[in-house]
Protein chains: 2
Amino acid sequence: MILINGESKEHIEIADRGFQYGDGLFETIEVRDGQAVFLERHLERLNSGCQRLYIPFPGAELLSFEAGELCRRSAGGRHSVRAVLKVIVTRGSGGRGYRQPDVIQPTRVLSLHPYPDYPEIYREQGIVARLCATRLGLNPTLAGIKHLNRLEQVMARAEWNDPAIQEGLMLDVNDHVIEGTMTNLFYIKNNSLYTSALAQSGVAGIMRGIIMKLSAEHGLPVIEHAFTKDALLSADEIFLCNSIIGIWPIKQIETTRFSVGPLTQSIQVWLDKFTSDDCMEAG
Amino acid sequence: MILINGESKEHIEIADRGFQYGDGLFETIEVRDGQAVFLERHLERLNSGCQRLYIPFPGAELLSFEAGELCRRSAGGRHSVRAVLKVIVTRGSGGRGYRQPDVIQPTRVLSLHPYPDYPEIYREQGIVARLCATRLGLNPTLAGIKHLNRLEQVMARAEWNDPAIQEGLMLDVNDHVIEGTMTNLFYIKNNSLYTSALAQSGVAGIMRGIIMKLSAEHGLPVIEHAFTKDALLSADEIFLCNSIIGIWPIKQIETTRFSVGPLTQSIQVWLDKFTSDDCMEAG
C-alpha cells in the first residue's frame, strides 16, 4: 500500500521532479510491532535535508500521522507487523527545466515493504564485504543527505551477484573509504571507534548517529576522519549499520579476515537496548 | 501528450527506479516543423548512456517511431509545430534496494513540451551569465552522460531569480569551469576554440559535439582542457550551446563584458546550415 499526498495511489505524475531530476529526499525506516522505529529522528533528518535542498518540509506531525495510518491499514489490525517504511519527499511538479517553481508544493510518498529476510547469522557471525570499483564522487553540496540521486550506489551494487557477499564498500575518488552501498561503516582500532566524516560524499545515517552517541556515552572515543583501505584492513574490528539491519560485523573484506570483536558486540547490546527503549516510549 | 512504453499515459509507477533513485537517462530534443532535429545523434548518445549504466537500450527504431507518433498526434496534422521532445529511459521497476533486477525491463517516456520563448536577441546580441556557488562534484563513473541525477543543476539554478541573467556557469570542486546549468560552454582565445574535457563531471551535449566537429572541419583548432575562471574571463569570445537554444554568445559574466565575436558568429552560421541540412535529409 502506498500513500501519495495522503491518498492511496500507486502512480506519480511524470512531471514530478523526483522522476525528472531525482529532486528530492528519502528515509528508510524499520517498522517493528506495527511501529516506525526512530521515526522522530528520521523525520528530523528529512527536515534538515529539505532545508539543505530548499524543499518545504511537509511537517513531522502530518508524516507521522500518515506513517501510522499506513502501518495500521497494512497490518489489517495486527500489531505484530515487521516491515520497511519508505518516505520520499520531492520538490513536486512544475518549474521550467532545472529551475524550481515559484511556489513549491512538495510531493510526499509513504510506502510499506516486506522486511528483508536477512539471516540472523549476519548479525551474530558477521558478513563478507567486497571493495567496489565504482567510486563516490566528491560533492560538498549534497554530501551527508539522503537525496534521490543514487546512481553511484546503483552502479556499485551492480558490480556483484555472488550471494556470499552481502555488501560492497565504496571509496571516494581520493581513495578514502566512505561507506557501504546501503550502510555506514565503522572500524575499531586500539579501543577507539572510527568512521568517515562524510563532508564530501556519503549519507549520514540515523543508525550511524545513534551509534556515535551511544559509544560516546559509554566512554568509547569516537573519531570522524578520512581513512584509506589499508587503514581499514588493519583494524581490530569492523562493522556496518543501517536502520533496517542494525549492526552487521564484517568477518571478511576481499581476502582479509576479521573476528567479531568484543566492542562491536557491546555496541550491538547498547543499540538493542536503546532501540527497545525507543519502541517502548513510542508505543 | 506523453507516451509511456508506447501508451498514452501521464503517470508512472512509484516503484520505477527513475523515481526511486534517478536510475535512468534523458534526451532533450528540438522539434522543428514537426520533426525531431538530430534525432539519430540523440538516440546514439542515449544508447551509449544505456551501455554505461547497463540499461538495455529500447532501440533507435522503436524510439524514432514513437517520437514520430507523438509529434504527429500532438500537431493534429499540422507540420509547423515547434516544440521540445523529452525522451527518458529508466531501468524500470524491480530489484531489491539499489540492486538491479535480474531481468531489466526499461521504462521509456516520451513527452512533448512547448518550445521556450527565448528572445531572438539572446542569439544575436548575447546573454548575461553568472558564476554559481554550487559546485559540480567529481565523478568519473557518471561524467559526460545525461543521467537523471540532476540535483546539482537544480541547486545551481535555484541560486538566482533575476530575469536579466539567463544562465549560471558551474565550476567543479577543483575550481575548473565546466559548463552552464543547462548548456555547454566554449571560449575562443587566439583563434582556437576551447571547452572543458568533461572527464570528471558535466554532460557531453549533442550541440557541443556538432560544434566541435564543424569547427575542426572549418580549420578552427578545438582543444578540450581544464581551465579556470581567470582563463575564461580573459577569453576573446565566449558562447553557450544546447539542443534547444543552439548558440548563445555571452556578453557579460558577473561584471566582465565581452563582444559577440566574429568566430562565434561564423560557428552560428555553420551550425545553422548543418541543422537545416539535417532537417532536409530527415524530412
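1. A quick term to start: the radius of gyration is taken here over C-alpha atoms, and the globule rule is 2.2 Å times the number of residues to the power 0.38. For the 283 residues of chain A, a compact globule would come out near 19 Å, and chain A has 19 Å, so the two agree.

2. Before going on, note that this is a predicted model, where local features need pLDDT of at least 70, side-chain atom pairs count only at pLDDT 80 or more, and totals for chains, interfaces and linings use all residues. Residues are numbered from 1 along each chain as its sequence is written, chains are lettered from A and ligands numbered from 1 in the order written, and side-chain values use heavy atoms, without hydrogens and water.

3. Chain A holds 16 strands and eight helices (DSSP runs: E of at least two residues for strands, H or I of at least four for helices). Its C-alpha trace spans about 50 × 45 × 35 Å along the principal axes.

4. Of the 283 residues in chain A, 57% are buried, meaning under 20% relative accessible area (1.4 Å probe, protein chains only). Take the contacts in chain A (heavy atoms within 4.5 Å) between residues at least 6 apart in sequence: 73% join residues at least 24 apart.

5. Now the pair. Chain A lands on chain B with a turn of 180° and a shift of 0.0 Å along the axis, at an RMSD of 0.0 Å (least squares on C-alpha atoms of residues with pLDDT of at least 70 in both). That is the relation of a two-fold axis. The copies meet through the same surface, because 100% of chain A's interface residues are also interface residues in chain B.

Key: Buried < 20%, exposed > 50% of the residue type's maximum accessible area, 1.4 Å probe, protein only.
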